[in-house]
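I opened my notebook to look at this chain.

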Amino acid sequence: MALTVLAGFASAVFAEEPAAVSPILVIESDRMYTESLFGQRVSAELARLQADLIAQNAKMEESLTQEERDLTEKRKVMAADAFEVLAREFDDRVVGIRAEQDAKFARLADVNERERAVFIQAARPILSELMAEAGAAIILERRTVLVSNDSIDITQEAIRRLNSTLGEGRQVPTPQE
């Protein structure tokens, strides 16, 4: 009953204020990240890098396919043991190239995770400010809440403030490794 009254009060206040007055707020952190200028910049940069890697993979695949065809032709005129050496070297090189390319894609995933961590760290003061303005004690992830009043969702206001404070996040310091 008290939460219902509080939620109703929060709805009335939220219409006038940027954040609801509630002891509990919710946020969609994935949406906060992906809809922020910071998250959009990171996503665009990673998409470009991924497209470059995909193009690089296609070129390598084309080159390796041609090399494999050439090797198949050499098989017709080479001694079996000499061909076996060439084939093994080719296979080893292909395995190495695949491992290198897989490592590059893994590094992209690592960059994404690091950027998200930087974003969340930079967002903490803004989220704390929203929490203080609402008189809240906690911000919960919306997807972990079974039911809530939309008036306690601060996602859109958080995005607005993050965009005005952080922008694309180019000036946000990254933690030292």
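**Confidence first**

I began with the scores of this predicted model. The chain averages a pLDDT of 86, and 85% of the residues score at least 70. Next I looked up the elements. I marked residues 1-20 as a stretch where pLDDT stays under 50. The model has 25 contacts beyond four places in sequence for that stretch.

**The cores**

Which residues have the most contacts inside the largest nonpolar core? I found Met-32, Phe-38, Phe-119, Leu-127 and Leu-162, in a core of 26 residues. Two or more residues each come from strand E1 (24-27) and from helices H2 (29-35), H3 (37-75), H4 (80-134) and H5 (155-166). H4 gives the largest share, nine residues.

I then followed Leu-127. Leaving out residues up to four places away in sequence, Leu-127 touches Ile-27, Met-32, Ile-139, Ile-154 and Ala-158. Another core, of six residues, lies apart from the largest one. Leu-71, Phe-83, Phe-90 and Val-94 are among its members.

**H4 against H5**

Two packed helices are described by the angle and the distance between their axes, so I looked up both. The axes of H4 and H5 come within 10 Å and cross at roughly 125°. The two helices are therefore oblique to each other. H4 passes H5 in a right-handed crossing.

Last, I listed the residues that meet. The H4 side includes Phe-119, Ala-123, Leu-127 and Leu-130. The H5 side includes Ala-158, Arg-161 and Leu-162.

Terms used
Residues numbered from 1 in each chain as written. Predicted model: local features only at pLDDT ≥ 70, side-chain atom pairs only at ≥ 80, totals over all residues. Heavy atoms only, no water. Core = buried A, V, L, I, M, F, W, Y, C linked by side-chain atoms within 4.5 Å. Buried < 20%, exposed > 50% of the residue type's maximum accessible area, 1.4 Å probe, protein only. Helix = DSSP H or I, 4+ residues; strand = E, 2+ residues; numbered from the N terminus. Contact = heavy atoms within 4.5 Å. pLDDT = per-residue confidence, 0-100. Axes fitted to C-alpha atoms, helices over the stretch in contact; angles between N-to-C directions. Parallel < 35°, antiparallel > 145°, perpendicular 65-115°, else oblique. Left-handed = near helix turned anticlockwise from the far one by under 90°.
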